[in-house]
Amino acid sequence: MIGWRSTWSIYTRELMRFLRTAFQSVLAPVLTTSLYFIVFGAAIGGRMPDLGGVDYGAFIIPGLLMLTLLGETTSNSSFGIYMPRFTGTIYELLSAPVGVAETLIGFVGAAMTKSLILAAIILVTARLFVDYSIAYPLLAVLYIMLVAAAFSLFGFILGIWADNFEKLGIIPMLFLTPLTFLGGTFYSIDMLPEPWDTIALANPIVYLVSGLRWTFYGSSDVNIWISFGITLAFLAACTGVIAYIFKTGWRLRA
Amino acid sequence: MNEPILELEGLSKVYPGGLKALDNVDLTIRRGEIFALLGPNGAGKTTLIGAVCGLVRPTSGSIRAFGHDMASDWRKARSRIGLVPQELSTDMFEPVHRAVAYSRGLFGLAPDPARIEEILRSLSLWDKKDERIMALSGGMKRRVLIAKALAHEPDLLFLDEPTAGVDVELRKGMWAIIDQMRDRGVTIILTTHYIEEAELMADRVGIIDRGKLLMVDEKEAMMARLGRTEAHISLSTPIAALPPALARYPIEIEEGGTSLCYRGGDGTGRGKQEVADITKVLIAEGIDYTGIDVRESSLEDIFVSLLGEEQEQAA
């Protein structure tokens with residue numbers, strides 16, 4: 001039985017936290033996306049050939065979207081649960097009649113909502129620089145939601161694992177961002193020489209970027225079903241880890 | 001009043017590293033009472049509260065609240081329990097009324113602005129309802145935590161060191177708030193370092209040390225059983241021996257015969273009566289005195305004495 005009022009309280013409180021810093025939360029991705037389009041879209045992209053029949057400026061949109069989505073979703077979700085642990089306010093959550101379902105739907109749902117808002121902002125910003133159309137808009141939304149859910153859960157795990165701010169930032173900074181840059185955000189892995197195109201396939205982010213790109217343009221480096229499968233597998237793995245955390249109380253209850 | 005609403009049986013908690021914070025604790029809390037849990041730092045008071053409120057996983061033992069087993073039926077039990085933690089832990093950027101409304105929603109209750117207003121007014125926080133918590137004084141922040149704990153109208157409230165670090169005036173204000181809650185029928189378990197607080201507020205007192213509950217009793221019964229009267233009678237002229245009429249009293253000659261010391265009674269006033277009787281005997285025997293200093297032992301004396309005995313046994 002899920003306590004929906006409790007869930008709603010957690011969800012709205014997390015969104016209020018986002019709105020408190022709305023200016024920064026919205027302005028930062030708009031500015032970053034604009035800079036990428038100016039540098040890679042206009043300055044460099046003008047000299048690049050079409051990739052699979054897609055203009056280079058349009059080609060990088062799914063990658064940029066994924067770059068922001070992964071970073072912001074992980075960061076929002078990890079801070080969402082880490083801050084109550086850090087300040088001690090988590091006592092209220094732990095002593096309330098709420099379980100794993102309410103907590104996850106509340107925190108992860110809010111992180112997903114923020115990410116979807118950011119995704120929409122990025123797509124609107126991209127439209128100012130590049131003319132593009134989305135081949136499978138419903139699939140694109142579904143895919144974005146799946147990735148947002150998976151990385152919200154991942155961020156939640158990160159926020160519980162971290163016992164200081166350094167640890168909180170180290171995974172996104174040292175792993176997520178580099179892997180996203182190397183995951184085909186700005187290029188197709190077909191453009192890489194051997195053996196790098198094969199090695200690139202070991203990077204899980206390649207499948208995410210490729211999957212989203214397929215929903216945009218109907219073609220990608222990797223089969224769309226493999227991308228969906230990997231995303232769902234990551235989602236399931238994160239859910240399993242969180243179920244274990246709540247069952248054992250690891251880093252939550254003394 | 002005698003209906004049990006919280007029952008701990010054989011509750012133990014051993015932290016990783018081997019620290020035994022709770023050692024086979026049995027305790028029953030009755031509806032409507034104020035129960036004071038006394039103990040030195042590290043005695044296990046906060047661990048006990050944490051175990052009931054879901055912050056600490058007990059190593060063994062059982063907890064039943066309102067008839068529900070906290071291990072299997074924790075949702076129903078927790079919805080009726082409130083907690084005011086020792087630390088001032090709250091979202092400092094939030095306005096007061098929103099923080100309190102959040103607590104109500106978190107515990108699954110529908111929004112009720114009238115109820116929130118009533119709680120904030122009762123805690124003299126209504127004027128501050130739109131202020132961010134970070135802008136409030138320490139005493140007000142403590143009251144916000146109480147308001148948050150009361151937002152879901154709990155039947156059982158834990159107050160972990162509610163007056164720690166607050167000045168005398170605020171402490172008295174906090175006692176008045178606890179009185180109000182008692183009048184509303186809320187059962188209160190409070191931990192405190194201030195024995196005076198327990199003496200003033202509590203119906204029953206439990207003394208805990210090194211995870212063991214050393215004693216639980218009605219405050220009056222504990223005072224009667226373990227309380228003592230101590231009286232020093234300064235004599236005008238030294239005496240060498242007690243008159244036979246005083247032989248039946250627990251009295252000794254001190255300071256070279258210039259003072260008599262009485263240690264007796266039981267905390268019910270019998271000691272004071274005996275001191276009065278002794279003075280009558282002294283007058284009847286022609287022994288003059290210049291002053292009498294009478295002191296009843298406090299809960300603090302009992303507390304210190306019990307802990308001393310426990311530590312001697314442990315050594």
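Me: What percentage of the 315 residues of chain B count as buried?
Reply: The model is a predicted one, in which local features need pLDDT of at least 70 and side-chain atom pairs count only at pLDDT 80 or more, while totals for chains, interfaces and linings use all residues. Residues are numbered from 1 along each chain as its sequence is written, with chains lettered from A and ligands numbered from 1 in the order of writing. A residue is called buried if 20 or more other C-beta atoms, placed from the backbone, lie within 10 Å of its own. Of the 315 residues of chain B, the share that counts as buried is 39%.

Me: What is the buried percentage in chain A?
Reply: Chain A has 254 residues, to which the burial count is applied. The part of chain A made up of buried residues is 44%.

Me: How many helices and strands does chain A have?
Reply: Helices (H or I, at least four residues) and strands (E, at least two) are DSSP runs numbered from the N terminus. Read along its sequence, chain A follows the pattern α-α-α-α-α-α-α-α-α-α. The count for chain A is therefore 10 helices and zero strands.

Me: How many helices and strands are there in chain B?
Reply: Along its principal axes, the C-alpha trace of chain B spans about 75 × 45 × 35 Å. The elements that chain B contains are 10 helices and 14 strands.

Me: What radius of gyration does chain A have?
Reply: The C-alpha trace of chain A spans about 60 × 40 × 35 Å along its principal axes. The radius is taken over C-alpha atoms, and the globule rule is 2.2 Å times the number of residues to the power 0.38. With 254 residues, a compact globule would have a radius near 18 Å, and this agrees with the value for chain A, which is 19 Å.

Me: In chain A, what percentage of the contacts with a separation of 6 or more is between residues 24 or more positions apart?
Reply: Two residues are in contact if their C-beta atoms, placed from the backbone, lie within 7 Å. In chain B, 70% of the contacts between residues at least 6 apart in sequence join residues at least 24 apart. In chain A, the share for residues 24 or more positions apart is 80%.

Me: Which element gives the largest share of the side of chain B that touches chain A?
Reply: Where the chains meet, 25 residues of chain B are in contact with 21 residues of chain A. The elements giving two or more residues to that side of chain B are α1 (45-53), α2 (74-78) and α3 (96-106) of chain B. The largest share, four residues, comes from α3(B).

Conventions. A residue is buried if 20 or more other C-beta atoms lie within 10 Å of its own, exposed if 12 or fewer, and partly exposed in between; C-beta atoms are placed from the backbone.
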